[in-house]
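Colleague: I have a model open and would like to learn how to read it. Can we go feature by feature?

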Amino acid sequence: MKKVVLILAVIFFAAASFAQSAEKSLLTVEGKSEVKLLPEEIWFNVMMSVKDTDYKTCSDLAVQKLAEIKSLFTDNGIDKNLIKTNNYSIREIQRHDPELRKMVFDGYQATVPLTVRTKRDYDKNDLIFTLIKDNLESNFNLNFQLSEKQIAEVKAKLIKLAVDDAKEKAGIIAAASGVELSKISAIQYGEPNIIGINNPPALRKSGLMMQAESYSEIIDLMEPDEVKMGTNIVISWEIDQ
């Protein structure tokens with residue numbers, strides 16, 4: 001019995017040793033890529049809000065105000081398809097009563113953000129700015145953004161650059177280590193994204209907008225920074241020593 005156990009143990013350790021020797025050594029490298037793009041879209045963002053002590057009246061006022069703002073743009077030749085409203089909210093608001101020394105009901109506030117999304121070369125950008133400046137008493141800002149087309153078109157380029165970067169690094173490491181790269185064992189891919197915190201130039205009503213009361217061509221005053229997009233790809237190669 002002892003002899004059988006000993007034989008089985010020898011076979012087990014021999015198999016384990018063979019498996020370890022059969023395993024290929026790997027070289028894993030992360031390739032990175034980065035591309036700079038000049039935003040081609042302009043977003044005119046208007047934060048419309050109304051207030052009333054009655055919930056239904058507040059809601060109705062918000063719908064009416066939104067319709068008036070949309071009409072302001074479309075009546076002046078702005079394409080209705082450029083006007084976007086993605087959400088709507090209504091909430092109860094409170095104020096501090098100094099006599100009661102506590103927060104008390106102060107009505108309801110409805111908020112609807114509206115965005116006019118155009119291209120930088122759109123011939124009515126200055127008109128949109130003037131309409132907002134002269135007609136709307138709402139919080140406003142202007143941002144430059146990458147278009148969906150720009151992001152889609154740069155993806156393939158970022159992937160290729162990241163793969164090339166990984167290959168170059170792997171080749172340098174292999175040569176310096178005296179080994180040869182064999183076939184690829186695994187690839188991990190990261191979706192392209194904007195690098196770092198991107199704060200596109202923004203025009204706010206309380207700032208530059210007030211300085212440009214008599215200047216209609218506001219777009220010429222602003223030049224967007226380039227936006228960085230990047231991705232990473234991790235590639236593992238089997239190596240022959």
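Colleague: How many aromatic pairs does the count come to?

Modeller: Keep in mind that this is a predicted model. The count comes to 3 aromatic pairs.

Colleague: How is a pair of aromatic rings described?

Modeller: By the distance of the centres and the angle of the planes. Take Tyr55 and Tyr108. Their ring centres are 5.2 Å apart and their planes stand at 85 degrees, so this pair is edge-to-face. The pair links distant parts of the chain. Tyr55 belongs to helix H2 (residues 55-74), Tyr108 to strand E5 (residues 102-119), and 53 residues separate them.

Colleague: Which residues form the aromatic cluster?

Modeller: Tyr55, Phe105 and Tyr108 form one cluster. Tyr55 is partly exposed, at 44% relative accessibility.

Colleague: At what angle are the planes of Phe129 and Phe140?

Modeller: At 55 degrees, with the centres 6.5 Å apart, so the pair is tilted. Phe129 sits in helix H3 (residues 125-135) and Phe140 in strand E6, 11 residues apart. Both Phe129 and Phe140 are buried.

Colleague: Now helices. Why do residues three or four places apart point the same way?

Modeller: Now look at H2. Its buried residues are Cys58, Ser59, Ala62, Leu66, Ile69, Leu72 and Phe73. They cover an arc of only 145 degrees around the axis, which puts them on the same side of H2. On the other side, Lys56 and Val63 are exposed.

Colleague: What do the buried residues of H2 pack against?

Modeller: Strand E2 (41-52), strand E3 (83-84), strand E4 (89-97), E5 and H3.

Colleague: Which residue caps the N-terminal end of H2?

Modeller: Asp54 does. One of its side-chain oxygens lies 3.3 Å from the backbone nitrogen of Lys56.

Colleague: How far does H2 reach from its first C-alpha to its last?

Modeller: H2 has 20 residues and reaches 29 Å. That is close to the 28 Å expected at 1.5 Å a residue.

Colleague: Where does H4 bend?

Modeller: At Lys155, by about 30 degrees.

Colleague: Which residues of H4 are buried?

Modeller: Gln150, Val154, Leu158, Ala162, Asp165, Ala166, Ala170 and Ala174. What covers them includes strand E1 (25-37), strand E6 (139-145), strand E7 (180-189) and strand E10 (227-240).

Colleague: What about backbone angles? Which residue with a positive phi follows H4?

Modeller: Gly178, with phi near 75 degrees. Here is the general idea. Most residues other than glycine have a negative phi. Now compare Arg101. Its phi is near 60 degrees, a positive value in a residue other than glycine. Arg101 lies in the loop between E4 and E5.

Colleague: Is Arg101 buried or exposed?

Modeller: Arg101 is exposed, with a relative accessible area of 72%. Val179, by contrast, is buried, at 17% relative accessibility. The loop between H4 and E7 holds Val179.

Colleague: Which residues is Val179 in contact with, leaving aside its neighbours within four places in sequence?

Modeller: Ala174, Ile239, Asp240 and Gln241. Asp240 is 61 residues from Val179 along the chain, yet their C-alpha atoms are separated by 5.9 Å.

Notes: Residues numbered from 1 in each chain as written. Predicted model: local features only at pLDDT ≥ 70, side-chain atom pairs only at ≥ 80, totals over all residues. Heavy atoms only, no water. Bend = angle between axes of the 7 residues up to and from the residue. Helix = DSSP H or I, 4+ residues; strand = E, 2+ residues; numbered from the N terminus. Buried < 20%, exposed > 50% of the residue type's maximum accessible area, 1.4 Å probe, protein only. Contact = heavy atoms within 4.5 Å. Phe/Tyr/Trp six-rings, centres within 6.5 Å; stacked < 30°, edge-to-face > 60°. Expected span 1.5 Å × (residues − 1). Arc of directions from axis to C-beta. Polar contact = N/O pair within 3.5 Å; in protein donor to acceptor, adjacent residues only side chain to side chain.
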